[in-house]
Amino acid sequence: MHGFVKRRGVPEPGSIPDALDMFRAEVRFYREIAPVVGVRVPTCLYSEMTPDGTMLVLEDLSSWQAGADPIAHAQLLSRMHRQWAGQAPLKWPWLRPVGAAADLVGDLFDRTMPTLAARPDLPANLRTLAERLVGRVPKAEQDIASAGPLTLVHGDASARNVRTGPNGELALLDWEDVSAAPGVADLAWLLLSSVDPSQWAVVTAAYGPAEHLTTALPAVVVQGLLCFADTAEGSAEAQAWIGRLDAAERRLAS
């Protein structure tokens, strides 16, 4: 069978993938949402869900360029968010709600805090921010619900999950985190995960109205700190995370 084959086993009971039903959600996305979503995604050639796991056979876009211009990426997300505002959770009630598995994410962050605190390359202001988030992650996750109308969100709208075709067309990949949430949650993660702080203003402007962006930032900062914790001390990747996390911290403090 030609195409990109994506197999997933049954997630470990009690794990975050299990609580979020990530693998089955992606299959349902390709079966139910992809045909009408209105943005370019890989064509689904075959899908299955069994008691042993899931499998997708998708159009292979590996020849496309990894990543995208962040302005074009933000505009694409904005179009999708506007199209499905107020409709997505009604049309697909199985979509993950805001705050799903928030307690598990909070437990993971609290367990990771000693690792973060021990990092000599973590600036003092970010260490203080991380300390303030301990015990408060579930609230930060739930606060996203007040950041705008619910719409269809990708859930992991980083540069690694977009491809640019030969004609400049963008395709969004990896829909395991598809959710019903305010669109600025996608924008916040795009900025924090993938955009140099010098471009935050222009990328946000390209997205459009984002007055509740700071409401979504604490929850995505948690994810950013968890990603930073997995980087090698002093590495270029770690330094990039620090720069973006610092930009988020300054925006939250303003």
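Reader: Which residues in H6 meet which residues in H10?
Author: This is a predicted model, in which local features need pLDDT of at least 70 and side-chain atom pairs count only at pLDDT 80 or more, while totals for chains, interfaces and linings use all residues. Residues are numbered from 1 along each chain as its sequence is written, and side-chain values use heavy atoms, with hydrogens and water left out. Helices (H or I, at least four residues) and strands (E, at least two) are DSSP runs numbered from the N terminus, and contact means heavy atoms within 4.5 Å. By that rule, Leu129, Ala130 and Leu133 in H6 meet, in H10, Pro218, Val221, Val222 and Leu225.

Reader: How many nonpolar residues does the contact of H6 with H10 have?
Author: Ala, Val, Leu, Ile, Met, Phe, Trp, Tyr, Cys and Pro count as nonpolar, Asp, Glu, Lys and Arg as charged, and the others, Gly among them, as polar. Sorted in this way, the contact of H6 with H10 has no polar and no charged residues, and its nonpolar count is 7.

Reader: Which residues of H11 make the contact with H6?
Author: The axes of helix H6 (residues 124-133) and H11 come within 10 Å and cross at roughly 65°, which means that H6 is roughly perpendicular to H11. On the H6 side, the contact is made by Asn125, Leu126 and Leu129, and on the H11 side by Ile242, Leu245, Asp246 and Glu249.

Reader: How are H3 and H9 arranged, parallel or perpendicular to each other?
Author: H3 and helix H9 (residues 200-207) pack with their axes 7 Å apart, at an angle of about 30°. With that angle, H3 and H9 are therefore, relative to each other, roughly parallel.

Reader: Into which classes do the residues of the contact of H3 with H9 divide?
Author: The H3 side of the contact includes Pro70, Ile71 and His81, and these and other residues of H3 meet Val202, Val203, Ala206 and Tyr207 in H9. The residues of this contact divide into 8 nonpolar, 3 polar and 1 charged.

Reader: What volume does the largest cavity have?
Author: On a 1 Å grid over the protein atoms alone, a cavity is a set of points where a 1.4 Å probe fits but cannot get out, and a pocket is an open set with protein on both sides within 12 Å along at least five of seven lines, while lining residues have an atom within 4 Å of a point. Points are joined across faces, edges and corners, and a volume is the space filled by probe spheres set on them. The count comes to 1 cavity of 30 Å³ or more, and the largest cavity has a volume of about 40 Å³.

Reader: Which elements give two or more residues to the lining of the largest cavity?
Author: Lys6, Phe23 and Thr54 are among the residues that line the largest cavity. The elements that give two or more residues to this lining are S1, helix H2 (22-33) and strand S3 (53-58).

Reader: Which element gives the largest share of the lining of the largest pocket?
Author: The largest pocket has a volume of about 1200 Å³, and among its 41 lining residues the closest to the centre are Arg96, Gly155, Asp156, Asp177 and Gln223. By class, the lining has 21 nonpolar, 8 polar and 12 charged residues. The largest share, 6 residues, comes from H10.

Reader: Which helix gives the largest share of the lining of the second largest pocket?
Author: The second largest pocket has a volume of about 280 Å³, and of its 17 lining residues the closest to the centre are Pro149, Gly183, Val184, Tyr207 and Pro209. Its lining has 8 nonpolar, 7 polar and 2 charged residues. The largest share, 3 residues, comes from helix H3 (residues 70-84).

Conventions:
Axes are lines fitted to C-alpha atoms, for helices over the stretch in contact, and angles run from 0 to 180 degrees between N-to-C directions. Angles under 35 degrees count as roughly parallel, over 145 as roughly antiparallel, 65 to 115 as roughly perpendicular and the rest as oblique.
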